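Let's take a walk through a structure and look at the places where its parts meet. Keep the 3D view open as you read.

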Amino acid sequence: MSVRRRLFGLVAVAMLASSSMAGASDSVTDAIVREAFATATPEEWRDRLAQDDAQALCSRHRNLPPPEVAAQILESQRATLRLPDDGRLMGDWRAGEKLASIGTGGHIGRIQPDPPGRAKGGNCYACHVMAPGEVAAGNIGPSLTGYGRLRGNTPEMQRYTYEKIHNAQAFFPCSHMPRFGHNGWLTPKEIADLVAFLLDPASSVNAGR
Amino acid sequence: MANPMKVRAAVDGDTVLVKALMSHVMETGRRTNDKGETIPAHFIQQVTVTHKGRVVLSAQWGTSISANPFLSFRFRGGAKGETVKVAWVDSKGDSRTDEAIIT
Amino acid sequence: MTWRMRGLAAVAVLAAASAVSIVAAATDAEDHAADEIRKYRQMLEDGNPAELMEMKGEALWREARGPTGASLEACDLGLGPGVVAGAYAQLPRFFADTGRVQDTESRLISCMVALQGFTPVEATRDWYRPGSDLEALVTYVATQSKGMPIRVPVSHPEEARLLAAGGELFFRRSGPLDFSCATCHSQDQRRIRLQDLPNFLNPADARASMVTWPAYRVSQSAVWTMERRLIDCVRQMRWPEPAFGSEAIVALQVWLQHQGEGGELQSPGIKR
């Protein structure tokens, strides 16, 4: 194949890829979104409004993807899994406990933005019941009380738990759970601390009643 | 004068039930604004309700009363058609009086 | 048995009963918390501070203001000039004079501009500050539909277009937390922390929710309109702030009101 043909092929693939990443699902909605967020910066658009493949597919299928699409999402999300460079999958459960309660961070806009440097957390309690002493817990996700007590903390369980927090859609396509690691919301150390909050036998999550 | 309050008074059994909804910021003096500056205290300190010249309720309020306070209480000796007056004075010396006819 | 012994026995029974009830309360902590919130809400229903905003809104509706010195009493909210009763129950809707589908805020702004001579910037100034003019006006307009069923028209092509777009937007996921409206509002019996979430795909939930707006939010010491609520939801999704009165926000309201069709308005509501 000539060099020119090969380049043309690459450009064509790149154009196709970018159009699917821009969410070619609905041009009516796209126009409305562009109008509503006309003052967003290119960075804000990239980080908050542009849809990647999984987001676009899950939006189009209303979080109930048919089997072939679900398989496609599973595969693409599994490919994103990354373990920490230092190999530490379990960190400090008390640090994890704090992260589980923090629901701030990342808010922008004129009306009520977070001040710069406001901590981000996992906000786990928004959706999950965890330590028995914390009554104000949500139920969008299943209860995680006794998570480690029920499962043990073998290397395999640590890895599964770490990966689940890193990218929940590697296990459940179109899960409501944010892809904390893949989206860069939580650092590897923060995820390891949350793994400890779930798996450490001394953690309040695993405290006996 | 400060924003009007909504006062209702109605005979209920052998008492008159008075309800007053007051418009007031009730700043505690402990909140800070976006710039980190303390918002000065500004809250209702004295509430007096009178009927036919007689004080039927006297209250000294502090910073634990929430914004736009709602007050509800009963007193004896009132009758339909008579007037109930609700008056407040706040920590800046501002005041407001509104009245209602007992139904 | 002596009176003293009876008394001691009674105290013992009470102590045992309270011990049992404390244990029961600990295991039913969730129910207890939800119960207390319900009682708190009932206490708040009497004497809703939104009534103060309603009074302010009505005064603003009747007051001669702006460069032309006119009141808003000739404003057409969809049922004819000056007809306020029932208008909120049918908003958003298409207006021929502006050529677009408008929600309550947007329509009030059109009237403030056309009748009173305000500029759009002046009319929308500080719209989100507690106690703003727009907040008061929307509260007044909405309260005049109390007891009436929600029924927004969707027959005009523009109304149909925004209805469809609203449905699409509801499911649109993006951002660092992959959120869409559906993340929180597409399943029954869910809550964030202890805040119950209506499922807008469930007509009964949608009706129960939509009839309570606008509402005085105790935590904000302000009445929030549906537009205000939606713009804050978008903020919580970690998206940029959408333009006030944009088609996206109107489209969502068309869809939400359509989901809540038939619900009898209780406006103004009162919430946490």
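Predicted model: local features only at pLDDT ≥ 70, side-chain atom pairs only at ≥ 80, totals over all residues.

Residues are numbered from 1 along each chain as its sequence is written, chains are lettered from A and ligands numbered from 1 in the order in which they are written, and side-chain values use heavy atoms, with hydrogens and water left out.

Start where chain B meets chain C. Chain B brings 11 residues to the contact (heavy atoms within 4.5 Å), and chain C brings nine. Together they bury about 870 Å², meaning accessible area (1.4 Å probe) lost on being put together, summed over both parts. On chain B's side, Lys6(B), Leu21(B) and Asn68(B) lose the most area to chain C. Lys6(B) also forms a salt bridge with Glu51(C), with the closest N and O atoms 3.2 Å apart; that term needs a side-chain nitrogen of Lys or Arg within 4 Å of a carboxyl oxygen of Asp or Glu. In total, the rule finds two salt bridges across this interface.

Now hop over to chain A, whose domain assignment (automatic or from a database) gives domain 1 (3–78) and domain 2 (93–206). Domain 1 puts 13 residues into the contact and domain 2 puts in 12. The two domains bury about 990 Å² between them, 54% of it on carbon and sulfur atoms. In domain 1, Arg48(A), Leu74(A) and Gln77(A) lose the most area to domain 2. One salt bridge is counted between these domains: Arg179(A) pairs with Asp52(A), the closest N and O atoms being 3.0 Å apart.
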